[in-house]
Amino acid sequence: MSLITQLSDLADPALTPRLVLKVGSSLLVDDAGARREWLTALVSEIAAAKSRGQDVIVVSSGAIALGARRLGLEKGGRGSLADAQAAAAVGQIALSGLWAELLGAHGLTAAQLLLTLEDLEDRRRYLNATATLTRLLDAGAVPVINENDSVATQEIRFGDNDRLAARVAQAARADAVLLLSDIDGLYDRHPKEPGAQLLPLVKGITPEIRAMASPLSGSGMGSGGMISKLQAVEIAEMAGIALVIGNGTVESPLRRIMEQGVGTLFLPRSRKPARKAWLGGRLRLKGSLTVDAGAVKALRQGASLLAAGIVAVDGPFTRGDAVTIRDDVGAVLAHGLVEYDAGECAALMGRQSADHAEILGYAPRPAVVHRDQLVMV
C-alpha cells in the first residue's frame, strides 16, 4: 500500500522509490515541432530524481504528432488509422532519439519499449514486460515507453497513454504515477466554468468524482481527457499505487507540483494481490455475465460465481478468457477468468450444480468463475 500522503512525498526516495511519469502530446509538440527547451528542463528534473535515488519510468506521447509534421499529414496524423500508423512509425524514431539525446547529456541511458494492449493483457507477456522493466531499472536505465501505434488497431489499443501509464506502473511495481497534462488537476466541474475548484486530494473514485470529469481534452492534440485519467486512477488504485494529475505546461513542472503542491493526488483505498490487480486493470474483456441479486451478495462476500446466479451471457468467449460480471442493471461488479466457454455458460445459467454433469456430459468444474480468478472492481 502506498505510503504517500501529500504531493511533496513524490520527491522522497523513501516514500516514492519508483515513479512513472507520463508526458502528453501537447506538452512535447507544438506548431514548430518538438519543444526542446521545455523537454530539456523536464529531463533535468528527471536527472535530479535519479540522483536522489529514485527510479523513473517515462511514458511519452508525441510520436504521432511528430511523425505527422514530418510527413505533412493533416489532422495531426489522426485523420485515419493508416495515417496514425504511418505517423507513429516515423515519429517514434524522432521521439526516442530526442529522449536518448537529452537524457544522455546527464549521463543517463534511455531504453525504448513499445507496448501494445495485448502485451499487458496477456498474463505471460505482462510478466515478460515486468521482467524487462525490472532489469532495465536495476541497470540504471530510464525506460521510455509508448504505445506501439504503428501496429495497433482501433480494436486492440489503449487509445491513450494515461491508462498505459497506470498499467506500466502495475507491471513495474511503481509507487506512484504522475500524469503531466495541460491542466492543474481534477476540478469539481469543467475548469472553464465559473467557480470551478481544484481538488487537491481524492481518496478513491466514487460516482460523484466521475461526474466531475470532462471527456474533452483541452489541447485537441492528445487522445485522452479527464475520463481516461480517472480510469487510470482506478487501474493504479487496484495495485495500491498513488496517482497525481498535474500541469506540465510550465517550465520545471515537477518542482511546481512537488514543492508548491499544485495538482490532484489520488490515494488508493486498498491494495489487491498482484494477479488480481492485473486482472482488474484489464481493458479488453471478451464477454460478460449478468447475475441476479443473490449472486451479487455472494460475490461481495468473497464467494465464487456459480451458474445458478447467472441470468444472461454475452460475447463469444472461451474458457480462460477474461469477462465482465454485471448486476441486473448493467453495473460492473467484477472481472474474472471464466471456466467455461460462452455456449456452455448459456446452457448452465440458472441451473443448480447437481444438474451440470447431465447438461455438459462430463464432470463439471466447481464454479463458472472461481473466487481465486475473480476481482471486484
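The side chains of E118 and R284 meet in a salt bridge, with 2.4 Å from N to O; the term stands for a side-chain nitrogen of Lys or Arg within 4 Å of a carboxyl oxygen of Asp or Glu. This pair links distant parts of the chain, 166 residues apart: E118 belongs to helix α5, while R284 sits in the loop between α11 (274-280) and β11 (287-291). Helices (H or I, at least four residues) and strands (E, at least two) are DSSP runs, numbered from the N terminus. In total, the structure holds 14 salt bridges.

The model is a predicted one, in which local features need pLDDT of at least 70 and side-chain atom pairs count only at pLDDT 80 or more, whereas totals for chains, interfaces and linings use all residues. Residues are numbered from 1 along each chain as its sequence is written, and side-chain values use heavy atoms, with hydrogens and water left out.

The protein chain is divided into domain 1 (8-271) and domain 2 (276-376), with bounds that come from an automatic or database domain assignment. Their C-alpha centres lie 34 Å apart. To the contact (heavy atoms within 4.5 Å), domain 1 gives 16 residues and domain 2 gives seven residues. About 1,000 Å² is buried between domain 1 and domain 2, and carbon and sulfur atoms give 61% of this area; buried area is the accessible area (1.4 Å probe) that two parts lose on being put together, summed over both.

Across this interface the rule finds one salt bridge. Seven residue pairs, both residues at pLDDT 80 or more, are in polar contact there. A polar contact is a pair of N or O atoms within 3.5 Å; within protein, one must be able to donate a hydrogen and the other to accept it, and residues adjacent in sequence count only if both atoms are side-chain atoms. On the side of domain 1 that touches domain 2, the elements giving two or more residues are α5 (117-121), α6 (123-138), α7 (161-172) and α9 (226-238). The largest share of that side, four residues, comes from α5.

Finally, the UniProt record (unreviewed entry) annotates S61, D149 and N161 as "binding site"; such annotations may be inferred rather than shown by experiment. Although these residues are spread over 101 residues of sequence, they cluster in space, with a largest C-alpha distance of 11.1 Å. D149 lies in the loop between β6 (142-147) and α7.
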